[in-house]
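Please look at the sequence and the 3D structure below.

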Amino acid sequence: MMSVAVFEGRDRTTDSFTWVSDRREELEHALLHHGAVLLRGFGIATTDDFRQLIAPLIGEVTRHPEMIAGRREVDDGVYTPTEYPANQQIEPHNEHSASLTFPGRLSFWCQQPAQHGGETPLIDTRQVYARIDPRVREHFDRLGWMLVRNYDDMPGRRWQTTFRTESRDDVERYCAANGIQCEWKSPSRLRTWRFRPVTLQHPVTGERCWFNHVAFFHIAALPAPIQRSLRSSYREEDLPNNTYYGDGSPIDDQTIAGLRAAYQGEAASFPWQQGDVLLVDNILTAHARNAFSGPRKILLILSDPITRTDVAPRRPAPR
């Protein structure tokens, strides 16, 4: 099960920012070993404090390549969490695993913990890979996976919002540059599909990690009432999001259940405390969000971009 390296602010003899800078090597080692580091009690009260504390531990700060799930940029490179109903859990995932370029590190800051729940479960993707049925792993290793997205005029699903442009030419250029295939169904309707491997070798440790959104975006991972509503409203090929094997064949619900069980078996969480800062290696560690009640304010910085070189060749979308 996932373990988080915890460093308490009360153990420091200098100011928070100097303490972190002086112990950069120790913190880096802990991050690579555990996959996540929690800095607690360091008196972080503003976004400037947040930036300054993590500055020695991260490289280039990046922006979301595609704005999905209603996130907002509240400061330069600082984002709100995914806007998703508080009474539902967000499934485990590695941030932007379907993107050609994705953040290597994630930094979370707790401005305000929820009254109840709202934890951020963390999952060791090395151990997830080990838990998956070897026959399932072999099938995915051989075929890869495909993510299909459909955009329309519904709130939260407009291509103009996701790609932050009103130009279809801009969208086509972005897709071509990022290993995404696209097809216009009408001026307001766009379908995209992309192929990715299911695993990624960590660039420093060399370990193989289960790195994808296969279960996250599959319709079988949604609550039953939402599944029924979507299936009654859309043909399968028009679902807002869905995943397939890399050859376009469907992934059965039992396989998705097995993948979700592998994540759940490795998940560990802690109650957020105000001022907590959590640094996550985005390859070694997947994250989720528990349901909650009461206000909850967690901010996020993406950093250390990695551009993958293992993108699968072009293939047609499933029909």
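## The sheet

Strand β10 (residues 145-151) pairs with strand β12 (residues 190-196) in the antiparallel sense, over seven bridges. Two strands pair if DSSP finds at least two bridges between them. Strands, like helices, are DSSP runs numbered from the N terminus: E with at least two residues for strands, H or I with at least four for helices. Strands of a sheet pair through backbone hydrogen bonds, either parallel or antiparallel.

This is a predicted model, where local features need pLDDT of at least 70, side-chain atom pairs count only at pLDDT 80 or more, and totals for chains, interfaces and linings use all residues. Residues are numbered from 1 along each chain as its sequence is written, and side-chain values use heavy atoms, with hydrogens and water left out.

Which residue of β12 is the bridge partner of leucine 147? It is arginine 194.

The open sheet has four strands, in the order β11-β12-β10-β15, and the pairing is antiparallel. β11 (181-184) and β15 (241-245) are the edge strands, each pairing on one side only. On average, neighbouring strands of this sheet are turned by 20 degrees against each other, direction ignored. Helix α7 (residues 168-177) packs on the sheet and touches β11 and β12. The direction of α7 makes about 155 degrees with that of β11. Contact means heavy atoms within 4.5 Å. Axes are lines fitted to C-alpha atoms, for helices over the stretch in contact, and angles run from 0 to 180 degrees between N-to-C directions.

## The cavities

There are two cavities of 30 Å³ or more. A cavity is a set of points on a 1 Å grid over the protein atoms alone, where a 1.4 Å probe fits but cannot get out; lining residues have an atom within 4 Å of a point. Grid points are joined across faces, edges and corners, and a volume is the space filled by probe spheres set on the points.

| Cavity | Volume | Main contributor to the lining |
|---|---|---|
| Largest | about 140 Å³ | β18, three residues |

The largest cavity is lined by 13 residues. Closest to its centre are Arg71, Pro81, Phe108, His287 and Arg289. β6 (90-93), β18 (285-289) and β20 (297-307) each supply at least two lining residues.

The second largest cavity is lined by Leu27, Glu28, Leu31, Val37, Leu57, Arg105 and Leu279.

How values were computed:
On a 1 Å grid over the protein atoms alone, a cavity is a set of points where a 1.4 Å probe fits but cannot get out, and a pocket is an open set with protein on both sides within 12 Å along at least five of seven lines; lining residues have an atom within 4 Å of a point.
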